[in-house]
Amino acid sequence: MKKYIGIAVLSTFMACTSSVKKETAVTDSTATADQASAVNDVKLADPKTESIYKSYISLKNSLVAGNATAAHQTALDLATSLKAFEGCENTALIAEKIAGTEDIKVQRKEFTALSSDVIALFKHADIKQGSIYIQHCPMANNGDGGDWLSSEKKISNPYYGKEMLTCGAVLEVIKAKK
């Protein structure tokens with residue numbers, strides 16, 4: 001049993017520095033629900049992980065809205081949450097890069113690396129309630145693609161905002177363990 005606990009701890013520790021690249025097709029959907037309220041549907045066992053999740057979703061929503069000033073502040077909040085989680089210090093530096101500028105294009109570019117690390121973290125998180133959606137836009141980053149987490153299935157693209165709000169698809173759903 002101790003061996004399995006050690007593996008889970010090691011996986012979580014390394015999660016902020018891991019990255020996964022997947023390919024998918026583009027699908028269109030409408031994004032009418034309020035994502036901020038959907039965040040409350042996801043409950044995580046660890047308060048530090050839940051803080052990272054909520055801050056990440058706030059940053060993603062700021063980028064969806066094209067609000068560089070809000071993205072600056074939410075990235076600062078996320079950096080603080082990441083620094084408090086052992087193993088995520090380098091990911092906190094990426095959040096600080098986003099907070100260090102109010103250029104939405106730079107923020108969105110840095111969001112790619114940030115998302116890669118945070119996605120790896122949440123693939124190993126203990127979700128008590130709800131689902132986290134891993135979404136992908138193949139057109140982001142000059143066709144290299146970009147992934148992000150969402151608290152709902154509907155696509156709201158943080159890489160393009162209102163320019164291409166519904167560009168993307170759900171790659172994976174991380175669900176609460178029963």
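**Entry 1: α3 against α4**

I looked up the crossing of α3 and α4 first, and it is left-handed. I am working from a predicted model. The two axes come within 8 Å and cross at roughly 160°. Angles over 145 degrees count as roughly antiparallel, and α3 and α4 are therefore roughly antiparallel to each other.

Next I listed who meets whom. From α3 I noted Ser51, Ile52, Ser55, Tyr56, Ser58, Leu59, Ser62 and Leu63. They meet Ala70, Ala71, Thr74, Ala75, Asp77, Leu78, Ser81 and Leu82 in α4. I sorted the residues of this contact into 9 nonpolar, 6 polar and 1 charged.

**Entry 2: α3 against α6**

I turned to the other side of the comparison. α3 and α6 pack at an angle of about 150°, with their axes 11 Å apart. That makes α3 roughly antiparallel to α6. I noted a left-handed crossing here too, with α3 passing α6.

On the α3 side I wrote down Thr49, Ile52, Tyr53, Tyr56, Leu59, Lys60, Leu63 and Val64. Their partners in α6 are Ile104, Gln107, Arg108, Phe111, Leu114, Ser115, Val118, Leu121 and Phe122. This contact divides into 12 nonpolar, 3 polar and 2 charged residues.

**Entry 3: α4 against α6**

How do the axes of α4 and α6 cross? I found an angle of roughly 30°, with the axes coming within 10 Å. Helix α4 covers residues 68-83 and helix α6 covers residues 104-123. Angles under 35 degrees count as roughly parallel, so α4 and α6 are roughly parallel to each other. α4 passes α6 in a left-handed crossing.

In α4 I listed Ala68, Ala71, His72, Leu78 and Leu82. They meet Ile104, Gln107 and Leu114 in α6. I counted 6 nonpolar residues and 2 polar ones in this contact, and no charged residue.

**Entry 4: aromatic rings**

I then looked for aromatic pairs, and the count comes to 4. I opened one of them, tyrosine 56 with phenylalanine 111, which is stacked. The rings sit 5.3 Å centre to centre, with 20° between the planes. The pair links distant parts of the chain, since the partners are 55 residues apart. Tyrosine 56 belongs to helix α3 (residues 47-64), and phenylalanine 111 belongs to helix α6.

Are tyrosine 56 and phenylalanine 111 buried or exposed? I found both buried. They also belong to one aromatic cluster, together with Trp148 and Tyr159.

**Entry 5: valine 170**

I moved to strand β5 (residues 169-175), where valine 170 is found. Its relative accessible area is 29%. Buried means under 20% and exposed over 50%, so valine 170 is partly exposed.

Which residues does valine 170 touch, leaving aside its neighbours within four places in sequence? I listed Tyr133, Ile134, Gln135, Lys153 and Ile155. For tyrosine 133 I also checked the spacing. Valine 170 and tyrosine 133 are 37 residues apart in sequence, yet 6.5 Å apart in space, C-alpha to C-alpha.

**Entry 6: the whole chain**

The protein chain has 6 helices and 5 strands. Read along the sequence, I get α-α-β-α-α-α-α-β-β-β-β. Of the 178 residues, 45% count as buried. I also looked at contacts between residues at least 6 apart in sequence, and 67% of these join residues at least 24 apart.

Definitions and conventions:
Residues are numbered from 1 along each chain as its sequence is written. This is a predicted model: local features need pLDDT of at least 70, side-chain atom pairs count only at pLDDT 80 or more; totals for chains, interfaces and linings use all residues. Side-chain values use heavy atoms; hydrogens and water are left out. Axes are lines fitted to C-alpha atoms, for helices over the stretch in contact, and angles run from 0 to 180 degrees between N-to-C directions. Helices (H or I, at least four residues) and strands (E, at least two) are DSSP runs, numbered from the N terminus. Angles under 35 degrees count as roughly parallel, over 145 as roughly antiparallel, 65 to 115 as roughly perpendicular and the rest as oblique. A crossing is left-handed if the near helix is turned anticlockwise from the far one by less than a right angle, and right-handed if clockwise. Contact means heavy atoms within 4.5 Å. Ala, Val, Leu, Ile, Met, Phe, Trp, Tyr, Cys and Pro count as nonpolar, Asp, Glu, Lys and Arg as charged, and the others, Gly among them, as polar. Rings of Phe, Tyr and Trp (its six-membered ring) pair if their centres lie within 6.5 Å; planes under 30 degrees apart count as stacked, over 60 as edge-to-face and the rest as tilted. Buried means under 20% relative accessible area, exposed over 50%, partly exposed in between (1.4 Å probe, protein chains only).
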